Amino acid sequence: MAVQAQTTTQMDASSPATKAPRPALTELAPETGGLDSATILGLIGSVAMIYLAIFLGGAERSFLQLPAFLIVIVGTCFVTAISFSFEELGDGLGALGSSLWNKRRNPRNVLRQLLQFSDYCHKSSALSLLQAVEKRAIDPFLKHSITLLADGLPPKEIQRLLEEETDTEKQRKQRASAVLKKAAEVAPAMGLIGTLVGLIQMLSSLDNPEAIGPAMAVALLTTFYGAFMGSVVLSPLAAKIDRNMDEVCQIRDLYIDAVNSMAKRENPRKLETVLNSKLRPSKRLKYFK
């Protein structure tokens, strides 16, 4: 009887019923995507102020000159194309859309989600976590990270693969940003070329007073177009692309730290401290009471 009781006690101790229950994965607010209000407001506001100044000064039609447009706008496109491949130019055009339309990630929601996953994985297994999140609408990069975790890869290997993937994406965005930065440099230079063209036309038509006005308009408008395209449109959009990529890298850094912690089977409370240390005080979260 004593042996039977001892065997029963051992079975109860190893029974799954004695394990800590799996925490529930609550539904979190999904990422919100929409037009970047700051970018749209800045572009509309700057264009509106310039147009208002032109309108108040009168003769707004004199600011529309086809030769100046061809030299600066079309010329900038062709000169920029010399420095890049068609694939890079396509990435640059695609990045324009990403600078106007941005997915917003709330760091507190990201932190809450990662701590939930870490707690679930700590009390269950990486494979169970993968099965639990397989049909959830989470970041594809995070889902890929959990897949690597469930495959049983070593923590250093998981971190290396995820960091390489992030670096590749960052380099692609940097190339797209470089296209816009180059165009921002070329536009004022094309404006200067247009100014020289207009001055040459004006000097060659001194005997014809009627041709002096249009030539002078081309000379001045090309400088105006070049400064407008470079300083108001292209350079700020390139800066916004870099800023958005920095935000993505920050979030992915949290993902990598979380998956690395789960691979090492660390206590989720330690992960909470590590992740909070990488966020501003206003974005930090006290998840474990």
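**Order of elements**

I read the pattern along the sequence as α-β-α-α-α-β-α-α-α-α-α-α. I count 10 helices and two strands in the protein. Both are DSSP runs numbered from the N terminus, helices being H or I with at least four residues and strands E with at least two. The model is predicted: local features need pLDDT of at least 70, side-chain atom pairs count only at pLDDT 80 or more, and totals for chains, interfaces and linings use all residues. Residues are numbered from 1 along each chain as its sequence is written, and side-chain values use heavy atoms, with hydrogens and water left out.

**Whole-chain totals**

I looked up burial next. Of the 289 residues, 36% count as buried. Buried is under 20% relative accessible area, exposed is over 50%, and partly exposed is in between (1.4 Å probe, protein chains only). The protein exposes about 16,900 Å², and carbon and sulfur atoms supply 63% of that. These areas come from the Shrake-Rupley method with a 1.4 Å probe; for residues, only the protein chains shown count as cover.

I then checked contacts, meaning heavy atoms within 4.5 Å. Among those with a separation of 6 or more, 80% come from residues 24 or more positions apart.

On the H4 side I find Glu88, Leu89, Asp91, Gly92, Ala95, Leu96 and Ser98; H8 brings Arg172, Lys173, Arg175, Ala176, Val179 and Leu180. By class that is six nonpolar, two polar and five charged residues. Here Ala, Val, Leu, Ile, Met, Phe, Trp, Tyr, Cys and Pro count as nonpolar, Asp, Glu, Lys and Arg as charged, and the others, Gly among them, as polar.

**H4 against H9**

H4 also meets H9. H4 uses Ala95, Leu96, Ser98, Ser99 and Leu100, while H9 uses Leu237, Lys240, Ile241 and Asn244. The classes are five nonpolar, three polar and one charged.

**Nonpolar cores**

A core is a set of buried Ala, Val, Leu, Ile, Met, Phe, Trp, Tyr and Cys residues joined through side-chain atoms within 4.5 Å. The largest has 31 residues, and Leu114, Phe117, Leu129 and Met262 have the most contacts inside it. Beyond four places in sequence, Met262 contacts Phe117, Ser118, Cys121, Leu129 and Leu149. A second, separate core of 11 residues includes Val232, Leu234, Leu237 and Ala238.

**Val186**

Val186 lies in helix H8. It is buried, at 8% relative accessible area. Leaving out residues up to four places away, Val186 touches Thr76, Val79 and Thr80. Val186 and Met229 are 43 residues apart in sequence, yet 9.6 Å apart C-alpha to C-alpha.

**Arg265**

I finished on a backbone angle. Most residues other than glycine have a negative phi. Arg265 has a positive phi of about 60 degrees. Arg265 sits in the loop between H9 (209–263) and H10 (268–276). At 42% relative accessibility, Arg265 is partly exposed.
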